[in-house]
Amino acid sequence: MKTLVFSLLLTLTAVTAGRAQDCMGMTFKAGMGFELSHFNAKDKPAGKVIYLVKDVHKEGGATVMDITAQFEDEKGKQRTPYSIHYTCTGTELVADMSGMMQAMQSNGPKDMEMKLKSNKLVYPGKLSVGQKLSDGQMEAEMTSNGNTMMNMNMVMANRQVESKDPITTPAGTFDAYKISSDMSFENKVMGIPIRNSMRVVSYRTDNQIFDIKSETYNKNGKLMGYSVLSKVY
């Protein structure tokens with residue numbers, strides 16, 4: 001992944017695009033697709049995100065996946081697509097979410113520039129009940145004509161595997177690990193901080209790159225919405 005220091009230091013990159021790559025029990029190939037459907041707390045559709053694997057290649061000993069994400073709201077209106085990069089090292093799956101920030105930038109003022117300061121979310125190759133996962137963080141600065149307009153900081157802390165449960169979605173039934181985490185946001189607009197926090201509960205398996213299901217709760221424990229893996233193709 002571009003955010004990993006060792007990948008920047010590699011002097012030789014072996015590219016094998018178009019062929020299936022295996023890593024951590026998962027097989028990745030260009031053309032694979034995934035669909036995540038979103039719902040509000042009252043089970044009403046709130047849109048979906050379609051992920052398409054555009055390229056799979058090797059960088060050193062790691063497998064890198066370039067994925068395009070396309071959000072479509074409940075009325076079928078599409079937003080600007082963005083890119084996600086995953087790096088599978090053999091023992092960890094590392095997500096680079098910078099494309100989400102780039103999509104925000106493309107929808108903002110034309111003279112707005114964005115600089116990522118940190119960007120990393122790691123999933124270990126094997127999950128187990130009681131396991132504690134490392135924090136995830138994404139920090140960015142938005143500037144206009146050399147002036148800082150906004151600082152954004154998102155942290156996923158207290159990530160822990162709580163249990164293993166069967167989860168059924170339109171994509172099938174999975175034995176998934178339940179992972180809880182505390183997500184906090186802090187946006188500073190013209191120096192004025194705006195803070196928010198929520199609880200995220202996600203369900204993952206060892207052989208799927210995306211969450212099988214993810215639930216979001218406000219700071220009072222009330223369900224705000226959820227998403228499910230609805231298609232794999």
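This is a predicted model: local features need pLDDT of at least 70, side-chain atom pairs count only at pLDDT 80 or more; totals for chains, interfaces and linings use all residues.
Biologist: Which residues touch the most other members in the largest nonpolar core?
Modeller: That core has 35 residues, and the ones touching the most other members are Tyr-51, Met-65, Ile-67, Tyr-86, Leu-93, Ile-209 and Phe-210.

Biologist: OK, take Phe-210. What is it in contact with, leaving aside neighbours within four places in sequence?
Modeller: Phe-34, Leu-36, Tyr-51, Ile-67, Tyr-86 and Arg-204. There's also a second, separate core of five residues, including Leu-127 and Tyr-177.

Biologist: How many residues are between S6 and S7 in the hairpin?
Modeller: Three, and Gly-90 in that turn has a positive phi of about 110°.

Biologist: And S7, why is it largely enclosed?
Modeller: Four of its five residues (the strand runs 92–96) are buried, so the rest of the structure largely encloses S7.

Biologist: Switching topic: how many disulfides does the count come to?
Modeller: One. It joins Cys-23 to Cys-88, with S to S at 1.9 Å. The link is left-handed, with -85° about the S-S bond.

Biologist: Which parts does the pair tie together?
Modeller: Cys-23 lies in strand S1 (residues 21–23) and Cys-88 in strand S6, so the pair ties together parts 65 residues apart in sequence.

Biologist: Are those two cysteines buried or exposed?
Modeller: Cys-23 is buried at 9% relative accessible area, and Cys-88 is buried too, at 0% relative accessibility.

Terms used:
Residues are numbered from 1 along each chain as its sequence is written. Side-chain values use heavy atoms; hydrogens and water are left out. A nonpolar core is a set of buried Ala, Val, Leu, Ile, Met, Phe, Trp, Tyr and Cys residues joined through side-chain atoms within 4.5 Å. Buried means under 20% relative accessible area, exposed over 50%, partly exposed in between (1.4 Å probe, protein chains only). Contact means heavy atoms within 4.5 Å. Helices (H or I, at least four residues) and strands (E, at least two) are DSSP runs, numbered from the N terminus. Two strands pair if DSSP finds at least two bridges between them. A disulfide is a pair of cysteine sulfur atoms within 2.5 Å.
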